[in-house]
Amino acid sequence: KKTYLAITSGIPEPPEGSIECNIARSLKNPRQMCVAEKGKWAVLHYKTIQYYHYFALVKVQLETGRMHQIRVQFAQRNMPILGDLLYNTRRYVHALLPQNMKHKATELLTTHLLRQALHAWRLQFIHPISGAEMDLCAALPEDFLYTLKWLERYFAVDTDSASLNVILEENKTW
C-alpha cells in the first residue's frame with residue numbers, strides 16, 4: 001500500500017474520493033502521459049487533509065501504479081500538483097491567485113520549491129520472508145515543509161488544522 005502527500009494547485013472537489021480512468025502516452029508530447037480511451041486502467045483514492053485558499057494538501061493512495069498517474073489524474077481534474085512543470089504551469093497557478101500574490105508564488109516556485117510537491121510518504125507491505133507487517137514512512141523533505149509553512153502564512157483558511165499537525169508531528173519522529 002503506497003501513500004503519497006501532494007500539494008495541489010486548486011481545491012479537490014469533492015474533498016475525498018477516487019479517480020478512475022485509462023492512462024496512455026501522449027501523442028502530442030512523448031514525455032507526457034494522458035487520459036486516453038485505449039490506455040491502461042488507473043485508480044487512485046485521495047483525501048484532502050488541509051485546505052488553503054487556492055491550494056490543498058492531499059493524501060493519495062494508489063490502487064494501480066501507472067507512470068505519472070497522480071500527476072495526470074490530478075491535472076485532468078483541474079487540481080494539478082504545485083511545481084509540476086510537465087502537467088502544471090506557473091501561468092495556471094497565477095490564474096488562481098489575486099494579483100498581489102502572483103510575485104510570492106513565482107518566488108516560491110523559482111527559489112524554494114524546484115520540483116513537484118509530491119512526496120512518497122508511506123509504504124506498507126507484508127515482508128516476503130518474515131511475514132511481518134512493515135510500515136515505512138519517509139520524512140517530509142525541507143522544500144515540502146517550507147511550502148506548507150508558506151501556505152500557512154499566505155493562504156491559511158480559518159479551519160482546524162488538526163490533520164496537518166498530526167502529519168507534522170509524525171514527521172518529527174522519523
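1. Tyr54 counts as partly exposed because its relative accessibility is 32%, where partly exposed lies between buried (under 20% relative accessible area) and exposed (over 50%), computed with a 1.4 Å probe on protein chains only. Tyr54 sits in the loop between β4 (40-52) and β5 (55-62), and its phi is near 75 degrees, a positive value in a residue other than glycine.

2. This is a predicted model, in which local features need pLDDT of at least 70 and side-chain atom pairs count only at pLDDT 80 or more, while totals for chains, interfaces and linings use all residues. Residues are numbered from 1 along each chain as its sequence is written, and side-chain values use heavy atoms, with hydrogens and water left out.

3. Asn78, which is not a glycine, also has a positive phi, of about 60 degrees, and belongs to the loop between α1 (69-76) and α2 (90-96). Asn78 counts as exposed because its relative accessibility is 52%.

4. The peptide bond from Glu13 to Pro14 is cis, with omega near 0 degrees, and Pro14 lies in the loop between β1 (2-9) and β2 (16-25). Most residues other than glycine have a negative phi, and most peptide bonds are trans.

5. Helix α4 (residues 142-155) has 14 residues and reaches 19 Å from its first C-alpha to its last, close to the 20 Å expected at 1.5 Å a residue; the expected span is 1.5 Å times one less than the number of residues. Helices (H or I, at least four residues) and strands (E, at least two) are DSSP runs, numbered from the N terminus. Buried residues in α4 include Phe144, Leu148, Trp150 and Phe155.
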